[in-house]
Amino acid sequence: MKIFLDTIGCRLNQSEIEKIAAGLRDAGHDVVGNASNADLAIVNTCAVTSAASADSRKVIRRIANSGCKEIFATGCYATIDPLAVKGLPAVVGLYKNNKKNCIISDLNSKHSNSSLLPNIRKPLPGKKWRTRAFIKVQDGCDNQCTFCITRIARGKSHSQTEDEIINDIEAALLGGVKEIVLTGVNLGSWGKDLEGGFSLSKLINKILITYSPHRIRLSSLEPWDINESYFPIFNHPAFCRHLHLPLQAGSDVILRRMGRKMCTDEFQALVNRIRSRVSEIAITTDIMVGFPGETEKEFEESLFFIKEMNFTGGHVFRYSVRPSTVAAKFDYPVPEMEKKIRSRQMRHVISESEIEYKKKFIDREVSVLWEKAEKFGNGDFLLSGLTGNYLRVNAVANEDLQNVISNVYIEEIKATHLFGKITS
């Protein structure tokens, strides 16, 4: 069959859809980059916010409108609202997260022999093409954040075995991948449910020692999961000097209401310790505005704290009610218009500190892994890629350098991107 794959949301979803693609290819199916050419589409949905659920519906409708007659839906939105998903056009199969692994067997596929001989990873064709390999190491979450639907949709924390992870990494490296990204719902909890004293820091060390990848990156870490064992890793030449540490709010009152495990003083102390020991590391975050009961004073506290932290980037979310979460029952909702105003103010503060961080790299040379190459009429290519510290860089070259690492001399900032000239 010709099968089209799409995914909405987090890097974990991206990792899962790539794993599904590998299984489909192993079974003899053809993974295509255009839904209009497909016999079947598989969509990995997201429900982290109401906007993500809406995006999931749009993607499914767009695929159906392209002419694809059959769609399998899976992921978090399919898990928490299966009736809504089943009612969408062309949806003929629905797989909740705990049944996601049944998709390929239900297509009468043969089982993969990856445990004996890893398949070579091939990126998804089309717009979902990625040079980086997202490796799922963990799923689910045992934290009790009151706003979070993901822990409900994905269940309790459980770790992939070390052998499963190593097989996926070997497949990626055989496919020529230059950057490995470890991902999970609560990445730092990896190994805690496995016997034998496993931990994420030990896993990373094993990958670095055994495989010597060009780059290894972490998708996101809860700040309370970071301990002393991580600092040698953060300074390893192959480790991407970028950490995404979700804060969610800069007010201790709101953090307690959210059920977060760390107050602002503890978070700030951790970030200061990391910055003092890891040169020019980029630290990004997640911030939520308009949480139920958030007063103007509490928002101002958050705004001041975020400004003080000088994050190098971040995602700002407006709170949206998620069914079955504790926060869905909280009183004193913040009006939508006020959420939009607060979101705009918070984005502005983060944008300012992001630009200041990027300015440090003008007139300096950086290492860039090229992810995209857009061909001009004259035969040149506009390249777009990422530095290890997660800065987006553009440059012009006379050849397609996708999945190549180049040294680039940074000349200027245009909009939100750094622009430079390839030196080697």
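Between which helix and which strand is the place of Ser212? Before selecting it, keep in mind that this is a predicted model, with a mean pLDDT of 93 over the chain and 96% of the residues at 70 or more.

Select Ser212 to begin: its place is in the loop between α8 (200–211) and β10 (215–218). Ser212 counts as exposed because its relative accessibility is 57%, which is over the 50% cut-off. Now check the backbone, where phi of Ser212 is near 45°, a positive value in a residue other than glycine. Most residues other than glycine have a negative phi.

Then move to Asn34, in the loop between β2 (30–32) and β3 (40–45). With a relative accessibility of 39%, Asn34 counts as partly exposed. Show its side chain together with that of Ser36, and a polar contact of 2.7 Å between the two can be displayed.

Finish with residues 110–118, over which pLDDT stays under 50. The model has 13 contacts beyond four places in sequence for this stretch. Where pLDDT is low, the predicted coordinates should not be read in detail.

How values were computed
Residues are numbered from 1 along each chain as its sequence is written. This is a predicted model: local features need pLDDT of at least 70, side-chain atom pairs count only at pLDDT 80 or more; totals for chains, interfaces and linings use all residues. Side-chain values use heavy atoms; hydrogens and water are left out. Helices (H or I, at least four residues) and strands (E, at least two) are DSSP runs, numbered from the N terminus. Buried means under 20% relative accessible area, exposed over 50%, partly exposed in between (1.4 Å probe, protein chains only). A polar contact is a pair of N or O atoms within 3.5 Å; within protein, one must be able to donate a hydrogen and the other to accept it, and residues adjacent in sequence count only if both atoms are side-chain atoms. pLDDT is the predictor's confidence in each residue, from 0 to 100. Contact means heavy atoms within 4.5 Å.
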